Amino acid sequence: ADVKPERPAPAPMPREGVRITNRDRVIFPESGQTKGELADYYAAVAPLMLPFAAQRPVSLVRCPQGRAKKCFFQKHDSGAFGKAVHQVPIREKDGGAEDYIYVDDVEGLLACVQMGTIEFHGWGSRVAAVEKPDRMIFDLDPDEGMDFGRVKEAAQDIRARLSDLGLVSFAMLSGGKGVHVVVPLTPGHDWGAHKDFASRFAQALSTAEPDRFVATMSKAKRKDRIFIDWLRNQRGSTAVLPYSARARPGAPVAIPVDWDELEGIADAHPYAIGDATTLLDRAVSLKGWGFAAQTLPDL
Ligand code: ATP
Ligand code: MN
Ligand code: MN
């Protein structure tokens, strides 16, 4: 009798209702994690991630064939993501408007993963008030090969300087090389004031400690220093979101940390997408991370 070729089993439909195809496709070739594992990671950490990721214009890093193949940033909707991924029109510099992507639930995150997304980066404002930033980020970018201890020290110093200005801040490990110091803000001021504050803060720091910090992007000037990247705070700029996976070897993730906990951490990528359970456990002690009702003082 004829033996019919076996049909592949249909991809399982996760509880969240987004079908993930090609679950076995290897996305992280160095460590072997698959698209299915990436989707499971996002489904698991969605409750931790969505308070930061939801209702915020996002840029996606998509790598449909895996992290080692062609990857691209996508900020505008192509209409191909399905109904779990939403659009918000945002005014462009030329006066026109473009539709930007946002999500507001686990289905939205998974619909992006289904389309090959590895990383989620967010604007510094929410869709309800895109012209009013709700967080400032100082992205510490160390020179190649710098000891992570110096990055941690720099983050603590920035925290102290912000505290002197009356601002509470939080630390996030980028999942790459650096630490992001995050300052939650009650929306009120506009992007001009936001960028101005961030720029002056970074300038003041590099002027006070020129051997440790630079406030310009120039790689040449970075020699053995940390670039305090304040440019994340311009209208339209993005930064990687808490709990986003990174398209880097080993599938590391960006994670919030306590200031005290930071002391004992050896690098900016201690956890990877296989660690969702651990991340859910440790989140209990991170309640309150990233939230503070405060506004920028005069500088
Ligand atoms: P690391 O700790 O390794 O520096 P990072 O996420 O801070 O990790 P950066 O290279 O400092 O990485 O980039 C900072 C941010 O700039 C990114 O998180 C991203 O949001 C944004 N960015 C970088 N490249 C692009 C790009 N091509 N298009 C849009 N945004 C980008
Ligand atoms: Mn960085
Ligand atoms: Mn940077």
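Q: What mean pLDDT does the chain have?
A: This is a predicted model, in which local features need pLDDT of at least 70, side-chain atom pairs count only at pLDDT 80 or more, and totals for chains, interfaces and linings use all residues. Residues are numbered from 1 along each chain as its sequence is written, while chains are lettered from A and ligands numbered from 1 in the order in which they are written. pLDDT is the predictor's confidence in each residue, from 0 to 100. In the chain 95% of residues reach 70 or more, and the mean pLDDT is 94.

Q: How many helices and strands are in the chain?
A: Both kinds of element are DSSP runs numbered from the N terminus: helices are H or I runs of at least four residues, and strands are E runs of at least two. By that rule the chain has six helices and 14 strands.

Q: What radius of gyration does the chain have?
A: The radius is taken over C-alpha atoms, and the globule rule is 2.2 Å times the number of residues to the power 0.38. For 299 residues, a compact globule would come out near 19 Å. The chain agrees with that, at 20 Å.

Q: Which domains does the assignment give, and what distance separates their centres?
A: Domain bounds come from an automatic or database domain assignment. Here they give domain 1 (26–123 + 238–248) and domain 2 (135–233). Taken over C-alpha atoms, their centres are separated by 25 Å.

Q: How many residues of domain 2 are in contact with domain 1?
A: Two residues are in contact if their C-beta atoms, placed from the backbone, lie within 7 Å. Domain 1 brings five residues to the meeting, and they touch eight residues of domain 2.

Q: Which elements do the buried residues of α2 pack against?
A: A residue is buried if 20 or more other C-beta atoms (placed from the backbone) lie within 10 Å of its own, exposed if 12 or fewer, and partly exposed in between. Helix α2 (residues 106–114) has eight of its nine residues buried, including V106, L110 and Q114. Those buried residues pack against α1, β3 (58–62) and β7 (117–122).

Q: Is G145 buried or exposed?
A: G145 sits in the loop between β8 (135–142) and α3 (148–164). Within 10 Å there are 7 other C-beta atoms, so G145 is exposed.

Q: Which residues does C71 touch, not counting those up to four places away in sequence?
A: C71 is in the loop between β3 and β4 (72–74). With 18 C-beta neighbours inside 10 Å, C71 counts as partly exposed. The residues that C71 touches are V61, R62, C63 and A247.
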